[in-house]
Amino acid sequence: MSLKNIKLIVADLDGTLLRDDKSLDRNIKSVLIEKNVPLTFVSGRNVHIIQDYIKELDITLPYITNNGANMFLGNKCIYECPIDSKELADCLHILVKNEVAFLAYTNETIYSVGYQEGLDGFKKRLIGKCEIIDDANIEDIVSESIFKVVMIHPNMENVKDQLNSVCDKTVCMQSEGIVYTLTSKDSTKGKTLKKLLEYLDIDSSSVLAFGDNYNDISMFEVVDGVAMENAQDHLKEVAKYSTKSNEASTSRDL
């Protein structure tokens, strides 16, 4: 793959730039400098747990978090799209009724309801980085600007259908593996990527996106996509290019 006409690379983190142990490929920075192509992130991660990677790769461009619900420049949020509060309340009541554990994200606080082992891993990443409120009540959550709700449950496909049946402005979708997210319909990675390209005044034909999972599909609808070898099959079907897995040295293929 040639980067001759590429002016920007945007990349997911987990399963894409990050190895399974959450470390970065040490070659990425040197290759980007050699090729003189800027990079930024389009991630499902919260702003607090993306900062170490921002610093490690010296990212100075705006970056996208929470599956498109926020865009930051440095520590400043320059775009946000919270979940509609009325629909959020309806959805959270459905989750509680179905005994689905979840995390609700603001930019400063994580509200936790119920317990699920996989979600506990998400919370541990945030200890010391932002406020975590356990056993939160729905009224307190709905009073905040919530950008993302993360859920894991064995019957999540059925619950997803229930959530989507009561929403016009909000969508529940499979994000990665057994993890599902609830966000505003206007805050997909692809829609916010369009805003990023407008902000930077870069044409979509000059951009490559790297990804591996369901929540990266909308990016590939905006710019040419590169699917990781470990990517979901549907993402591979819509990608223009493919590359090695996140466990291989992907930067050598640039």
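A residue counts as exposed when its relative accessible area is over 50%. In this predicted model, E99 has a relative accessibility of 70%, so E99 is exposed. E99 is located in the loop between α3 and β6 (102-105). Most residues other than glycine have a negative phi.

D135 also has a positive phi, near 50 degrees, and is a residue other than glycine. The loop between β8 (131-133) and α5 (138-142) holds D135. With a relative accessible area of 69%, D135 is exposed.

Helix packing was examined for α3 and α6. Helix α3 spans residues 85-97, and helix α6 spans residues 156-165. Their axes are 10 Å apart and form an angle of about 150 degrees. Angles over 145 degrees count as roughly antiparallel, so α3 is roughly antiparallel to α6. The two helices cross with right-handed geometry. On the α3 side, the contact involves C91, I94 and L95. On the α6 side, M156, V159, Q162 and L163 take part.

Aromatic rings were considered next. A search of the whole structure returned 1 aromatic pair. Y63 and F72 form this pair, which is stacked. The ring centres lie 5.9 Å apart, with 15 degrees between the planes. Both Y63 and F72 are buried.

Charged side chains also lie over aromatic faces. R125 is placed over the face of F122, 5.2 Å from the ring centre. K148 lies over the face of Y105, at 4.4 Å from the ring centre.

Conventions. Residues numbered from 1 in each chain as written. Predicted model: local features only at pLDDT ≥ 70, side-chain atom pairs only at ≥ 80, totals over all residues. Heavy atoms only, no water. Phe/Tyr/Trp six-rings, centres within 6.5 Å; stacked < 30°, edge-to-face > 60°. Buried < 20%, exposed > 50% of the residue type's maximum accessible area, 1.4 Å probe, protein only. Lys NZ or Arg CZ within 6 Å of the ring centre and 35° of its normal. Axes fitted to C-alpha atoms, helices over the stretch in contact; angles between N-to-C directions. Helix = DSSP H or I, 4+ residues; strand = E, 2+ residues; numbered from the N terminus. Parallel < 35°, antiparallel > 145°, perpendicular 65-115°, else oblique. Left-handed = near helix turned anticlockwise from the far one by under 90°. Contact = heavy atoms within 4.5 Å.
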